[in-house]
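Please keep the sequence and the structure at hand while reading.

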Amino acid sequence: MTDAITDDIDELIPASHISLSEPPAQKEATIESLLDLVVESGRVDDRQAALDALLAREEETTTGVGMGIGIPHAKTEAVDRPSLAFARSEAGVDFGSMDDEPATLIFLILVPKEGGEDHLQILSSLSRALMHDDVRERLHEAGDESDVQDTLREAIS
Amino acid sequence: MSDERIVEIVPEAGLHARPAALFVETVTDHEADVEAGPPGSDLVPARSMIAVTSLGVGQGDELRLVADGPDAESVLAELERILTTPEDELEA
(Lines give C-alpha, C1' and ligand atoms only; values in the text may rest on other atoms or scores of the structure.)
Protein backbone atom coordinates (compact mmCIF):
# COMPACT_ATOMS: atom_id res chain seq x y z
CA MET A 1 0.00 0.00 0.00
CA THR A 2 1.45 3.34 -0.95
CA ASP A 3 -0.96 5.71 0.72
CA ALA A 4 -0.23 7.88 3.71
CA ILE A 5 -2.05 5.59 6.12
CA THR A 6 -0.02 2.46 5.75
CA ASP A 7 3.20 4.12 4.65
CA ASP A 8 3.88 5.05 8.21
CA ILE A 9 3.13 2.20 10.58
CA ASP A 10 4.84 4.01 13.46
CA GLU A 11 2.35 6.86 13.10
CA LEU A 12 -0.65 4.55 12.77
CA ILE A 13 0.43 2.27 15.62
CA PRO A 14 3.16 3.74 17.85
CA ALA A 15 4.83 1.32 20.29
CA SER A 16 2.67 2.66 23.12
CA HIS A 17 -0.44 1.29 21.32
CA ILE A 18 0.90 -2.27 21.56
CA SER A 19 0.30 -4.47 24.57
CA LEU A 20 2.05 -7.81 24.89
CA SER A 21 0.52 -8.66 28.25
CA GLU A 22 -2.69 -10.65 28.68
CA PRO A 23 -5.81 -8.54 28.09
CA PRO A 24 -8.98 -8.89 30.20
CA ALA A 25 -10.97 -12.08 29.59
CA GLN A 26 -14.15 -10.31 28.46
CA LYS A 27 -14.62 -8.76 25.04
CA GLU A 28 -15.88 -5.38 26.24
CA ALA A 29 -13.11 -5.04 28.81
CA THR A 30 -10.52 -5.94 26.17
CA ILE A 31 -11.94 -3.30 23.83
CA GLU A 32 -11.73 -0.74 26.66
CA SER A 33 -8.15 -1.68 27.46
CA LEU A 34 -7.17 -1.22 23.81
CA LEU A 35 -9.04 2.06 23.65
CA ASP A 36 -7.13 3.21 26.74
CA LEU A 37 -3.82 2.69 24.95
CA VAL A 38 -4.99 5.21 22.34
CA VAL A 39 -6.45 7.51 25.03
CA GLU A 40 -3.12 7.50 26.90
CA SER A 41 -1.27 8.60 23.79
CA GLY A 42 -3.49 11.70 23.72
CA ARG A 43 -5.31 10.93 20.49
CA VAL A 44 -8.86 10.61 21.83
CA ASP A 45 -10.85 13.75 22.69
CA ASP A 46 -13.83 11.95 24.14
CA ARG A 47 -13.25 8.45 25.51
CA GLN A 48 -16.92 7.75 26.10
CA ALA A 49 -17.92 8.75 22.57
CA ALA A 50 -15.22 6.48 21.13
CA LEU A 51 -16.28 3.60 23.37
CA ASP A 52 -19.96 4.08 22.47
CA ALA A 53 -19.09 3.97 18.76
CA LEU A 54 -17.01 0.80 19.20
CA LEU A 55 -19.71 -0.97 21.20
CA ALA A 56 -22.46 0.14 18.80
CA ARG A 57 -20.50 -1.50 16.01
CA GLU A 58 -20.16 -4.71 18.05
CA GLU A 59 -23.89 -4.67 18.66
CA GLU A 60 -24.58 -4.57 14.95
CA THR A 61 -22.47 -7.69 14.47
CA THR A 62 -19.31 -8.94 16.09
CA THR A 63 -15.91 -7.90 14.76
CA GLY A 64 -14.58 -11.36 15.52
CA VAL A 65 -13.69 -12.28 11.94
CA GLY A 66 -12.49 -15.81 12.66
CA MET A 67 -9.03 -17.42 12.58
CA GLY A 68 -8.51 -16.15 16.14
CA ILE A 69 -8.76 -12.51 15.14
CA GLY A 70 -10.88 -9.67 16.52
CA ILE A 71 -10.88 -6.23 14.89
CA PRO A 72 -13.12 -3.89 16.89
CA HIS A 73 -13.38 -0.63 14.96
CA ALA A 74 -15.28 2.61 14.68
CA LYS A 75 -15.47 5.90 12.86
CA THR A 76 -15.72 8.63 15.46
CA GLU A 77 -15.29 12.37 15.89
CA ALA A 78 -13.36 11.54 19.05
CA VAL A 79 -10.15 11.06 17.03
CA ASP A 80 -8.56 13.30 14.43
CA ARG A 81 -6.27 10.74 12.79
CA PRO A 82 -6.44 7.02 12.01
CA SER A 83 -5.11 4.99 14.92
CA LEU A 84 -4.49 1.31 15.49
CA ALA A 85 -3.83 -0.58 18.72
CA PHE A 86 -2.91 -4.22 19.30
CA ALA A 87 -3.11 -6.78 22.08
CA ARG A 88 -2.66 -10.52 22.06
CA SER A 89 -4.09 -13.17 24.32
CA GLU A 90 -2.83 -16.60 25.28
CA ALA A 91 -6.17 -17.59 26.77
CA GLY A 92 -8.27 -16.15 23.96
CA VAL A 93 -11.13 -13.68 24.25
CA ASP A 94 -14.61 -14.78 23.20
CA PHE A 95 -15.60 -12.47 20.35
CA GLY A 96 -18.57 -14.58 19.27
CA SER A 97 -16.93 -15.31 15.92
CA MET A 98 -18.81 -17.45 13.43
CA ASP A 99 -16.04 -20.05 13.48
CA ASP A 100 -16.21 -20.17 17.31
CA GLU A 101 -12.47 -19.50 17.61
CA PRO A 102 -11.64 -17.19 20.53
CA ALA A 103 -9.67 -14.11 19.51
CA THR A 104 -5.97 -14.29 20.33
CA LEU A 105 -4.85 -11.39 18.10
CA ILE A 106 -6.91 -8.27 18.66
CA PHE A 107 -6.62 -5.01 16.75
CA LEU A 108 -8.58 -1.87 17.50
CA ILE A 109 -9.08 0.68 14.71
CA LEU A 110 -10.30 4.24 15.26
CA VAL A 111 -10.77 6.49 12.26
CA PRO A 112 -12.06 10.08 12.13
CA LYS A 113 -15.73 10.38 11.21
CA GLU A 114 -14.95 12.23 8.00
CA GLY A 115 -12.25 9.70 7.11
CA GLY A 116 -14.19 8.39 4.09
CA GLU A 117 -12.73 5.16 2.81
CA ASP A 118 -9.79 5.08 5.28
CA HIS A 119 -11.80 2.92 7.56
CA LEU A 120 -12.56 0.16 5.04
CA GLN A 121 -9.07 0.39 3.66
CA ILE A 122 -7.26 -0.16 6.96
CA LEU A 123 -9.68 -2.95 7.81
CA SER A 124 -9.21 -4.72 4.49
CA SER A 125 -5.42 -4.30 4.40
CA LEU A 126 -5.12 -5.62 7.93
CA SER A 127 -7.46 -8.55 7.23
CA ARG A 128 -5.55 -9.43 4.08
CA ALA A 129 -2.28 -9.49 6.05
CA LEU A 130 -3.74 -11.56 8.88
CA MET A 131 -5.02 -14.29 6.57
CA HIS A 132 -1.40 -15.46 6.23
CA ASP A 133 -0.38 -18.11 8.78
CA ASP A 134 3.17 -16.77 9.03
CA VAL A 135 1.97 -13.24 9.86
CA ARG A 136 -0.23 -14.50 12.70
CA GLU A 137 2.61 -16.68 13.94
CA ARG A 138 5.04 -13.75 13.96
CA LEU A 139 2.58 -11.63 15.92
CA HIS A 140 2.17 -14.41 18.48
CA GLU A 141 5.92 -14.77 18.81
CA ALA A 142 6.86 -11.06 18.76
CA GLY A 143 9.27 -10.37 21.63
CA ASP A 144 8.67 -6.64 21.80
CA GLU A 145 6.62 -3.81 20.32
CA SER A 146 8.99 -3.18 17.45
CA ASP A 147 8.67 -6.81 16.31
CA VAL A 148 4.93 -6.19 16.01
CA GLN A 149 5.48 -2.97 14.06
CA ASP A 150 8.01 -4.66 11.75
CA THR A 151 5.65 -7.55 11.07
CA LEU A 152 2.81 -5.16 10.20
CA ARG A 153 5.08 -2.97 8.06
CA GLU A 154 6.10 -5.99 5.98
CA ALA A 155 2.68 -7.66 5.90
CA ILE A 156 0.42 -4.72 5.07
CA SER A 157 0.86 -4.21 1.40
CA MET B 1 -23.78 -27.31 -10.74
CA SER B 2 -21.85 -24.12 -11.17
CA ASP B 3 -23.11 -20.59 -11.58
CA GLU B 4 -21.77 -17.07 -11.35
CA ARG B 5 -22.84 -13.46 -11.48
CA ILE B 6 -21.54 -9.95 -10.96
CA VAL B 7 -23.37 -7.72 -8.50
CA GLU B 8 -23.05 -4.00 -7.73
CA ILE B 9 -22.99 -3.30 -4.00
CA VAL B 10 -25.87 -1.16 -2.72
CA PRO B 11 -25.50 -0.95 1.11
CA GLU B 12 -23.88 2.32 2.15
CA ALA B 13 -21.30 0.58 4.35
CA GLY B 14 -20.34 -1.77 1.51
CA LEU B 15 -19.78 -5.45 2.17
CA HIS B 16 -19.12 -4.76 5.83
CA ALA B 17 -20.74 -5.12 9.26
CA ARG B 18 -24.27 -6.53 9.10
CA PRO B 19 -24.46 -7.10 5.33
CA ALA B 20 -21.13 -8.96 5.55
CA ALA B 21 -22.31 -11.10 8.46
CA LEU B 22 -25.53 -11.97 6.59
CA PHE B 23 -23.49 -12.69 3.47
CA VAL B 24 -21.21 -15.18 5.25
CA GLU B 25 -24.10 -16.79 7.16
CA THR B 26 -26.02 -17.26 3.92
CA VAL B 27 -23.05 -18.99 2.32
CA THR B 28 -22.58 -21.35 5.27
CA ASP B 29 -26.33 -22.18 5.26
CA HIS B 30 -26.25 -23.46 1.69
CA GLU B 31 -24.75 -26.51 0.05
CA ALA B 32 -22.38 -24.77 -2.32
CA ASP B 33 -18.81 -23.60 -2.41
CA VAL B 34 -18.89 -19.87 -3.02
CA GLU B 35 -16.00 -17.61 -3.89
CA ALA B 36 -16.04 -13.85 -4.25
CA GLY B 37 -13.77 -11.11 -5.55
CA PRO B 38 -13.58 -8.06 -7.79
CA PRO B 39 -14.19 -8.93 -11.46
CA GLY B 40 -10.86 -9.88 -13.05
CA SER B 41 -9.09 -10.44 -9.73
CA ASP B 42 -8.44 -13.38 -7.43
CA LEU B 43 -11.39 -14.86 -5.60
CA VAL B 44 -11.51 -15.63 -1.87
CA PRO B 45 -13.67 -18.12 0.05
CA ALA B 46 -17.00 -16.43 0.80
CA ARG B 47 -17.59 -18.52 3.96
CA SER B 48 -14.67 -16.80 5.73
CA MET B 49 -15.43 -13.46 7.39
CA ILE B 50 -11.79 -12.39 7.41
CA ALA B 51 -11.50 -13.20 3.69
CA VAL B 52 -14.65 -11.23 2.91
CA THR B 53 -13.40 -8.33 5.04
CA SER B 54 -10.08 -8.41 3.20
CA LEU B 55 -11.87 -7.60 -0.07
CA GLY B 56 -12.68 -4.07 1.18
CA VAL B 57 -15.73 -3.90 -1.08
CA GLY B 58 -17.43 -0.51 -0.84
CA GLN B 59 -20.77 0.88 -2.00
CA GLY B 60 -20.95 1.00 -5.80
CA ASP B 61 -18.15 -1.56 -6.27
CA GLU B 62 -18.76 -4.66 -8.35
CA LEU B 63 -18.33 -8.09 -6.84
CA ARG B 64 -18.07 -11.34 -8.78
CA LEU B 65 -19.64 -14.38 -7.13
CA VAL B 66 -18.93 -17.94 -8.24
CA ALA B 67 -20.86 -20.85 -6.74
CA ASP B 68 -20.46 -24.57 -7.21
CA GLY B 69 -22.74 -27.20 -5.67
CA PRO B 70 -26.38 -28.30 -5.44
CA ASP B 71 -27.50 -24.91 -4.06
CA ALA B 72 -25.40 -22.80 -6.44
CA GLU B 73 -28.33 -21.03 -8.03
CA SER B 74 -30.30 -20.36 -4.84
CA VAL B 75 -27.28 -19.14 -2.86
CA LEU B 76 -26.37 -16.66 -5.58
CA ALA B 77 -29.93 -15.34 -5.71
CA GLU B 78 -29.93 -14.83 -1.95
CA LEU B 79 -26.47 -13.22 -1.93
CA GLU B 80 -27.53 -10.85 -4.70
CA ARG B 81 -30.57 -9.86 -2.64
CA ILE B 82 -28.34 -9.05 0.36
CA LEU B 83 -25.87 -7.08 -1.74
CA THR B 84 -28.52 -5.04 -3.55
CA THR B 85 -30.73 -4.17 -0.57
CA PRO B 86 -30.08 -0.92 1.34
CA GLU B 87 -28.97 -1.84 4.83
CA ASP B 88 -31.98 -0.33 6.61
CA GLU B 89 -34.33 -2.51 4.54
CA LEU B 90 -32.38 -5.69 5.16
CA GLU B 91 -34.09 -8.30 7.29
CA ALA B 92 -31.90 -10.46 9.47
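## Chain interface

A salt bridge is a side-chain nitrogen of Lys or Arg within 4 Å of a carboxyl oxygen of Asp or Glu, and the count between chain A and chain B is 0 salt bridges. The contact (heavy atoms within 4.5 Å) takes 16 residues from chain A and 17 residues from chain B. About 1,400 Å² is buried between chain A and chain B, with 74% given by carbon and sulfur atoms; buried area is the accessible area (1.4 Å probe) that two parts lose on being put together, summed over both.

## Basis of the values

The model is predicted, and local features need pLDDT of at least 70, side-chain atom pairs count only at pLDDT 80 or more, while totals for chains, interfaces and linings use all residues. Residues are numbered from 1 along each chain as its sequence is written, chains are lettered from A in the order in which they are written, and side-chain values use heavy atoms, with hydrogens and water left out.

## Helices 6 and 7 of chain A

The axes of helix 6 (residues 133–141) of chain A and helix 7 (residues 145–155) of chain A come within 9 Å and cross at roughly 165°, which makes helix 6 of chain A roughly antiparallel to helix 7 of chain A (angles over 145 degrees). Axes are lines fitted to C-alpha atoms, for helices over the stretch in contact, and angles run from 0 to 180 degrees between N-to-C directions; helices are DSSP runs (H or I, at least four residues), numbered from the N terminus.

Helix 6 of chain A contributes Val135(A), Arg138(A) and Leu139(A) to the contact, and helix 7 of chain A contributes Val148(A), Asp150(A), Thr151(A), Glu154(A) and Ala155(A).

Conventions. Helices (H or I, at least four residues) and strands (E, at least two) are DSSP runs, numbered from the N terminus. Angles under 35 degrees count as roughly parallel, over 145 as roughly antiparallel, 65 to 115 as roughly perpendicular and the rest as oblique.
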